[in-house]
Amino acid sequence: MMTFDSEVELMKVARCHDNAKLVLRIATDDSKAVCRLSVKFGATLKCSRLLLERAKELGLDVIGVSFHVGSGCTDPETYSQAISDARYVFDMGAELGYNMTLLDIGGGFPGSENTKLKFEEIAAVINPALDKYFPVDCGVRIIAEPGRYYIASAYTLAVSIIAKKVIMKEQSSSDEEDWANDRTLMYYVNDGVYGSFNCILYDHAHVLPTLHKKNLILLMLLKRAINVLTQKYIVHFIQI
(Lines give C-alpha, C1' and ligand atoms only; values in the text may rest on other atoms or scores of the structure.)
Protein backbone atom coordinates (compact mmCIF):
# COMPACT_ATOMS: atom_id res chain seq x y z
CA MET A 1 0.00 0.00 0.00
CA MET A 2 1.33 3.45 -0.90
CA THR A 3 0.13 7.02 -1.34
CA PHE A 4 0.19 9.22 -4.43
CA ASP A 5 -0.71 12.82 -5.26
CA SER A 6 0.54 13.30 -8.82
CA GLU A 7 0.41 11.71 -12.26
CA VAL A 8 4.17 11.15 -12.17
CA GLU A 9 3.75 8.91 -9.13
CA LEU A 10 0.99 6.99 -10.89
CA MET A 11 3.22 6.40 -13.90
CA LYS A 12 6.01 5.07 -11.68
CA VAL A 13 3.63 2.72 -9.88
CA ALA A 14 2.16 1.48 -13.16
CA ARG A 15 5.65 0.77 -14.46
CA CYS A 16 7.20 -0.81 -11.37
CA HIS A 17 4.42 -2.16 -9.15
CA ASP A 18 1.09 -2.20 -10.94
CA ASN A 19 -0.64 -4.41 -8.36
CA ALA A 20 -0.08 -1.94 -5.50
CA LYS A 21 -2.94 -0.73 -3.32
CA LEU A 22 -3.03 3.05 -3.67
CA VAL A 23 -4.21 5.82 -1.37
CA LEU A 24 -4.84 9.27 -2.82
CA ARG A 25 -3.48 12.03 -0.59
CA ILE A 26 -5.51 15.22 -0.80
CA ALA A 27 -4.43 18.73 0.15
CA THR A 28 -5.96 20.54 3.13
CA ASP A 29 -6.24 24.10 4.34
CA ASP A 30 -3.28 23.98 6.74
CA SER A 31 -2.88 27.76 6.96
CA LYS A 32 -3.37 27.56 10.74
CA ALA A 33 -0.83 24.80 11.35
CA VAL A 34 2.64 25.30 12.81
CA CYS A 35 4.22 23.25 10.02
CA ARG A 36 2.31 23.39 6.75
CA LEU A 37 2.52 20.17 4.75
CA SER A 38 0.03 20.76 1.93
CA VAL A 39 2.49 23.18 0.35
CA LYS A 40 4.43 20.08 -0.65
CA PHE A 41 2.02 17.15 -0.39
CA GLY A 42 -1.54 16.50 -1.48
CA ALA A 43 -3.75 16.94 -4.54
CA THR A 44 -6.53 19.51 -4.82
CA LEU A 45 -10.11 18.32 -5.32
CA LYS A 46 -9.97 19.30 -8.99
CA CYS A 47 -6.74 17.38 -9.52
CA SER A 48 -8.09 14.44 -7.53
CA ARG A 49 -10.70 13.67 -10.17
CA LEU A 50 -8.10 13.82 -12.93
CA LEU A 51 -5.78 11.54 -10.96
CA LEU A 52 -8.53 9.01 -10.30
CA GLU A 53 -9.42 8.98 -13.98
CA ARG A 54 -5.75 8.48 -14.89
CA ALA A 55 -5.39 5.70 -12.34
CA LYS A 56 -8.41 3.99 -13.89
CA GLU A 57 -6.86 4.25 -17.35
CA LEU A 58 -3.66 2.66 -16.03
CA GLY A 59 -5.58 -0.15 -14.35
CA LEU A 60 -4.40 0.78 -10.85
CA ASP A 61 -6.33 0.01 -7.67
CA VAL A 62 -7.12 3.05 -5.51
CA ILE A 63 -8.43 1.85 -2.14
CA GLY A 64 -8.74 5.05 -0.13
CA VAL A 65 -7.93 8.65 0.73
CA SER A 66 -5.49 10.26 3.15
CA PHE A 67 -4.78 13.79 4.34
CA HIS A 68 -2.75 15.68 6.92
CA VAL A 69 -3.88 19.04 8.30
CA GLY A 70 -0.33 20.06 9.18
CA SER A 71 1.85 19.47 12.19
CA GLY A 72 0.72 21.42 15.22
CA CYS A 73 -2.76 22.27 13.93
CA THR A 74 -4.40 25.15 15.84
CA ASP A 75 -7.89 25.06 14.30
CA PRO A 76 -9.96 21.89 14.88
CA GLU A 77 -12.42 22.85 12.13
CA THR A 78 -9.66 22.07 9.63
CA TYR A 79 -10.24 18.38 10.35
CA SER A 80 -13.96 18.70 9.70
CA GLN A 81 -13.39 20.32 6.31
CA ALA A 82 -10.75 17.75 5.37
CA ILE A 83 -13.08 14.87 6.25
CA SER A 84 -15.81 16.48 4.14
CA ASP A 85 -13.37 16.79 1.22
CA ALA A 86 -12.38 13.16 1.65
CA ARG A 87 -16.04 12.14 1.39
CA TYR A 88 -16.26 14.11 -1.85
CA VAL A 89 -13.25 12.21 -3.25
CA PHE A 90 -14.76 8.90 -2.13
CA ASP A 91 -17.86 9.77 -4.15
CA MET A 92 -15.66 10.63 -7.15
CA GLY A 93 -14.05 7.23 -6.89
CA ALA A 94 -17.41 5.48 -6.69
CA GLU A 95 -18.49 7.19 -9.92
CA LEU A 96 -15.41 5.75 -11.62
CA GLY A 97 -16.01 2.26 -10.25
CA TYR A 98 -13.64 2.30 -7.28
CA ASN A 99 -14.65 0.69 -3.99
CA MET A 100 -12.62 2.70 -1.46
CA THR A 101 -12.39 1.24 2.02
CA LEU A 102 -9.70 3.26 3.81
CA LEU A 103 -9.53 6.79 5.24
CA ASP A 104 -6.34 8.08 6.86
CA ILE A 105 -6.99 11.32 8.79
CA GLY A 106 -3.28 11.92 9.39
CA GLY A 107 -1.80 13.56 12.46
CA GLY A 108 -1.22 17.02 13.84
CA PHE A 109 -2.55 16.12 17.28
CA PRO A 110 -0.91 17.93 20.23
CA GLY A 111 1.15 15.80 22.57
CA SER A 112 1.62 18.06 25.58
CA GLU A 113 -0.53 20.10 27.94
CA ASN A 114 1.03 23.49 27.17
CA THR A 115 -0.58 23.80 23.74
CA LYS A 116 -3.23 26.27 22.65
CA LEU A 117 -5.44 23.55 21.20
CA LYS A 118 -6.18 20.43 23.28
CA PHE A 119 -6.60 16.91 21.95
CA GLU A 120 -10.10 16.73 23.42
CA GLU A 121 -11.14 19.80 21.42
CA ILE A 122 -9.94 18.17 18.20
CA ALA A 123 -11.72 14.90 19.01
CA ALA A 124 -14.93 16.84 19.67
CA VAL A 125 -14.80 18.04 16.04
CA ILE A 126 -13.50 14.87 14.36
CA ASN A 127 -16.01 12.42 15.83
CA PRO A 128 -19.19 14.22 14.65
CA ALA A 129 -17.62 14.75 11.21
CA LEU A 130 -16.81 11.05 10.89
CA ASP A 131 -20.31 10.12 12.05
CA LYS A 132 -21.75 12.39 9.37
CA TYR A 133 -19.56 11.52 6.39
CA PHE A 134 -18.27 8.04 7.28
CA PRO A 135 -20.77 6.34 9.61
CA VAL A 136 -19.83 3.08 11.29
CA ASP A 137 -21.81 0.92 8.85
CA CYS A 138 -20.26 2.49 5.70
CA GLY A 139 -17.53 -0.15 5.53
CA VAL A 140 -14.62 2.31 5.61
CA ARG A 141 -11.66 1.63 7.88
CA ILE A 142 -10.45 4.83 9.55
CA ILE A 143 -6.85 5.20 10.72
CA ALA A 144 -4.71 8.09 12.00
CA GLU A 145 -1.06 9.02 12.59
CA PRO A 146 -0.87 10.20 16.23
CA GLY A 147 2.92 10.21 16.47
CA ARG A 148 3.28 13.60 18.17
CA TYR A 149 0.40 12.79 20.55
CA TYR A 150 2.20 9.72 21.92
CA ILE A 151 5.81 10.89 21.81
CA ALA A 152 5.94 14.66 22.47
CA SER A 153 5.73 14.34 26.27
CA ALA A 154 7.16 10.84 26.62
CA TYR A 155 10.82 11.78 26.94
CA THR A 156 13.09 14.37 28.51
CA LEU A 157 16.34 15.16 26.73
CA ALA A 158 19.35 15.36 29.04
CA VAL A 159 22.35 17.42 27.94
CA SER A 160 25.53 18.61 29.60
CA ILE A 161 26.70 22.21 29.86
CA ILE A 162 30.17 22.17 28.33
CA ALA A 163 30.96 25.91 28.38
CA LYS A 164 29.60 29.31 29.32
CA LYS A 165 30.35 32.87 28.32
CA VAL A 166 29.48 36.29 29.75
CA ILE A 167 27.91 38.58 27.16
CA MET A 168 28.10 42.28 28.04
CA LYS A 169 25.77 44.96 26.74
CA GLU A 170 27.32 47.79 24.74
CA GLN A 171 26.80 50.33 27.52
CA SER A 172 27.79 49.17 30.98
CA SER A 173 27.71 50.99 34.31
CA SER A 174 30.33 51.09 37.04
CA ASP A 175 27.67 50.39 39.62
CA GLU A 176 27.85 46.75 40.72
CA GLU A 177 24.08 46.17 40.62
CA ASP A 178 23.74 47.73 37.18
CA TRP A 179 26.70 45.70 35.99
CA ALA A 180 24.91 42.51 36.98
CA ASN A 181 21.84 43.59 34.99
CA ASP A 182 23.93 44.50 31.94
CA ARG A 183 25.39 41.06 31.44
CA THR A 184 23.94 37.85 30.08
CA LEU A 185 25.29 34.36 30.54
CA MET A 186 25.38 32.19 27.44
CA TYR A 187 25.53 28.45 28.08
CA TYR A 188 26.77 25.89 25.56
CA VAL A 189 25.41 22.33 25.63
CA ASN A 190 26.61 19.17 23.93
CA ASP A 191 23.74 19.05 21.43
CA GLY A 192 22.18 21.43 18.94
CA VAL A 193 19.83 22.15 16.05
CA TYR A 194 21.78 19.76 13.82
CA GLY A 195 21.03 17.00 16.33
CA SER A 196 18.26 16.50 18.87
CA PHE A 197 17.12 20.13 18.72
CA ASN A 198 16.24 20.12 15.02
CA CYS A 199 12.62 20.36 16.21
CA ILE A 200 13.29 24.06 16.83
CA LEU A 201 13.92 24.59 13.12
CA TYR A 202 11.41 22.17 11.62
CA ASP A 203 8.60 22.01 14.20
CA HIS A 204 9.04 25.48 15.75
CA ALA A 205 9.29 23.84 19.16
CA HIS A 206 9.77 25.92 22.31
CA VAL A 207 12.45 24.25 24.40
CA LEU A 208 12.35 24.90 28.15
CA PRO A 209 15.58 24.08 30.02
CA THR A 210 15.47 22.69 33.55
CA LEU A 211 18.50 22.29 35.78
CA HIS A 212 18.84 18.86 37.37
CA LYS A 213 21.87 19.51 39.53
CA LYS A 214 20.95 17.10 42.32
CA ASN A 215 20.31 14.28 39.90
CA LEU A 216 23.63 15.01 38.21
CA ILE A 217 25.49 14.75 41.52
CA LEU A 218 23.80 11.44 42.29
CA LEU A 219 24.69 10.16 38.84
CA MET A 220 28.34 11.13 39.32
CA LEU A 221 28.45 9.41 42.73
CA LEU A 222 26.85 6.29 41.28
CA LYS A 223 29.32 6.24 38.41
CA ARG A 224 32.23 6.60 40.84
CA ALA A 225 30.86 3.77 43.00
CA ILE A 226 30.52 1.51 39.97
CA ASN A 227 34.11 2.26 38.95
CA VAL A 228 35.38 1.43 42.45
CA LEU A 229 33.43 -1.83 42.57
CA THR A 230 34.58 -2.78 39.10
CA GLN A 231 38.22 -2.22 40.03
CA LYS A 232 37.84 -4.32 43.19
CA TYR A 233 36.29 -7.21 41.29
CA ILE A 234 39.01 -7.04 38.63
CA VAL A 235 41.74 -7.15 41.29
CA HIS A 236 40.01 -10.02 43.08
CA PHE A 237 39.67 -11.94 39.82
CA ILE A 238 43.38 -11.49 39.02
CA GLN A 239 44.39 -12.70 42.49
CA ILE A 240 42.32 -15.86 42.08
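A contact means heavy atoms within 4.5 Å of each other. The legends below describe a predicted model, in which local features need pLDDT of at least 70, side-chain atom pairs count only at pLDDT 80 or more, and totals for chains, interfaces and linings use all residues. Residues are numbered from 1 along each chain as its sequence is written, and side-chain values use heavy atoms, with hydrogens and water left out.

**View 1. The loop residue Asp 75 and its contacts.** Asp 75 is placed in the loop between β5 (71–73) and α3; helices (H or I, at least four residues) and strands (E, at least two) are DSSP runs numbered from the N terminus. Leaving aside residues up to four places away in sequence, Asp 75 touches Lys 32 and Leu 117. Asp 75 counts as buried because its relative accessibility is 18%; buried means under 20% relative accessible area, exposed over 50%, and partly exposed in between (1.4 Å probe, protein chains only).

**View 2. The largest nonpolar core.** A nonpolar core is a set of buried Ala, Val, Leu, Ile, Met, Phe, Trp, Tyr and Cys residues joined through side-chain atoms within 4.5 Å. The largest one has 36 residues, and Phe 67 and Leu 103 have the most contacts inside it. Elements giving two or more residues to this core include α1 (7–16), β2 (21–25) and α3 (77–95). The most comes from α3, with seven residues. Not counting residues up to four places away in sequence, Phe 67 touches several residues, among them Ile 26, Ala 82, Leu 103 and Ile 105.

**View 3. Aromatic rings around Phe 109.** The structure holds five aromatic pairs; rings of Phe, Tyr and Trp (its six-membered ring) pair if their centres lie within 6.5 Å, with planes under 30 degrees apart counted as stacked, over 60 as edge-to-face and the rest as tilted. Tyr 79 and Phe 109 are stacked, at 5.5 Å centre to centre and 10° between the planes. Tyr 79 is in helix α3 and Phe 109 in the loop between β6 (102–104) and α4, 30 residues apart. The pair of Phe 109 and Phe 119 is edge-to-face because the ring centres are 5.8 Å apart and the planes at 70°. Phe 109 is buried, with a relative accessible area of 5%, whereas Phe 119 counts as partly exposed at 28%. Ring pairs link Tyr 79, Phe 109, Phe 119, Tyr 149 and Tyr 150 into a cluster.
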